[in-house]
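Subject: Structure for you, with notes on aromatic contacts

Hello,

Please find the structure below. My notes on its aromatic rings follow.

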Amino acid sequence: MKRETILILDFGSQYTQLIARRCREEGVFSWIEPWDYPLESIRAMAPVGVVLSGGPNSVYAVGAPVRWEDLAALGFPLLGICYGLQAMMLREGGAVEAGQVREYGRAKIERRGSSRLLYGLAEHEPVWMSHGDHTTKLPEGWKITAVSDAGLIAAVEHLQKPFYGVQFHPEVSHTPSGDKIIHNFLYRICKARGGWNMASYAEEAAVSIRNRLKDGLAICALSGGVDSSVATTLVYKAAPDKLRGVFVDNGLLRKNEAQEVEAVFKPRLGEALKVVKAGSEFLADLRGVAEPEKKRKLIGHRFIEVFKNEARRFSDAKYLVQGTLYPDVIESASSRGPAEVIKTHHNVGGLPQELGFELIEPLRDLFKDEVRRLGRELGLPESILMRHPFPGPGLAVRIIGEVTLEAVKILQEVDAVFSEELRAEGWYERVSQAFAALLPVKSVGVMGDSRTYEQVAVLRSVDTRDFMTADFSPLPHAFLARVASRIANEVRGVNRVVYDITSKPPATIEWE
Ligand code: XMP
């Protein structure tokens, strides 16, 4: 059966991905395409409904993306949000005014008459507004279903056709009844069946993975991170005899991490898992190198070398499993294009070309929280699923300057103390990413009666939604003091601990 889908046309709003997630949380698969996605493709997709997202433009801006007539002619239910609404109002013959009255932030709406879209909502509802343009006159054949406390048109619908629009953002959490509105659109208006969840996704994915793997083996680079763990497990469950998992221990992992990954995956994958200990090769490459980009490149190349050697053993290997997520897919398809390279991210990106493998990306439809839910469905432990992100080049980008075995050991200990305390106090789950870095700086200290001259360690903890921007976590001083004191007392080689209070931007999350 064809997968029931809601199509979201993106007019550039910062909230577009949220719309997609809300639909999925309500049990209907959703898919984002640019606003000018061709009509033939929409027809082929046959969505149960289409959402026109908000956007940063004024409908009067030169070159503002406008699309309505062809969509309206399709006959699918349509929901315009903010800019999406203004564009439809303008093209239906209504009037939209630019910039006179602006509404930003919290507002209240009052309902007018009955509405399928607003079914079950109270007479007055708090909503989140973010617009300069607004509709001043309705086109013929439409009615107002809510107005805002500033007296502006807040929700409209067509009298006969399944066309709806809201000026506010039902997809953000500041609109408490937003999920009801999305639910009404999906089930009352689009008549969706629903039932899309991670269990059904896992079944669907297993069938398609089995079909693809008929003619060859798939190799997966397991890193112990959430994405590669879930991708590997999914493929293994779908086709146990077709998967070869390779876990490269580059010697730059957190304390005990290699053993933990092995302990989780050996019982699950058995003979299908190969652990390659290559720490000394990576360290040898890094000897004498202090420049961050050079470190990243050396590690990337060595990883490909090690992995290629393993892959050669499987002569019938044809596929490479990669844990690409939906936000990466959207990002690379975006017309805005990839941002300037700040850091060369090391992952298996270069591998498919090097090896001549075809890619299998079983998570490319999913958001991160969905991957976690899928992992739970597949029986992976929370210790893997709730892990903070960890960079491919590992501790090498957290040891500032040259990477030595001694520095790796010191940093592993510092990081282990910090993690242990974060977990003990319940902070680990509350912050987005926390870790330690080691500076190539020595400072003077005193221990007992003796002078010490040792290295400085940095603690970094950030809160972020998307890792593109981040704030430092406001961890309590008493907590930081305890961590600092434990580190200085327990880790030989470190006598001073500092806390990084820079946000991103201007800093990045990692130090290199
Ligand atoms: P930055 O330091 O750029 O990091 O603010 C943003 C997020 O990306 C992670 N990171 C990496 N992840 N390979 C990865 O897979 C890498 O080379 C890499 N470098 C940074 C970083 O930990 C943070 O979560």
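Y326 and F367 are both buried. This is in a predicted model, so please read what follows as computed from it.

The rings of Y326 and F367 make an edge-to-face aromatic pair, with 5.5 Å from centre to centre and 70° between the planes. Y326 belongs to helix α11, while F367 is in the loop that runs between β16 (358-360) and α13 (368-377); the pair therefore ties together parts lying 41 residues apart in sequence.

Across the whole structure, the search returned 10 aromatic pairs. Y326 also takes part in a pair with W31: the ring centres are 4.6 Å apart and the planes meet at 25°, so this one is stacked. The angle falls in the stacked class because that class takes planes under 30 degrees apart. W31 is buried, as is Y326.

These residues belong to one aromatic cluster, formed by F29, W31, W196, Y201, Y326 and F367.

There are also two places to look at where an arginine meets a ring. The charged end of R398 is positioned over the ring of F435, at 3.9 Å from the ring centre. R423 has its charged end over the ring of Y428, again 3.9 Å from the centre.

Regards

Terms used. Residues numbered from 1 in each chain as written. Predicted model: local features only at pLDDT ≥ 70, side-chain atom pairs only at ≥ 80, totals over all residues. Heavy atoms only, no water. Phe/Tyr/Trp six-rings, centres within 6.5 Å; stacked < 30°, edge-to-face > 60°. Buried < 20%, exposed > 50% of the residue type's maximum accessible area, 1.4 Å probe, protein only. Helix = DSSP H or I, 4+ residues; strand = E, 2+ residues; numbered from the N terminus. Lys NZ or Arg CZ within 6 Å of the ring centre and 35° of its normal.
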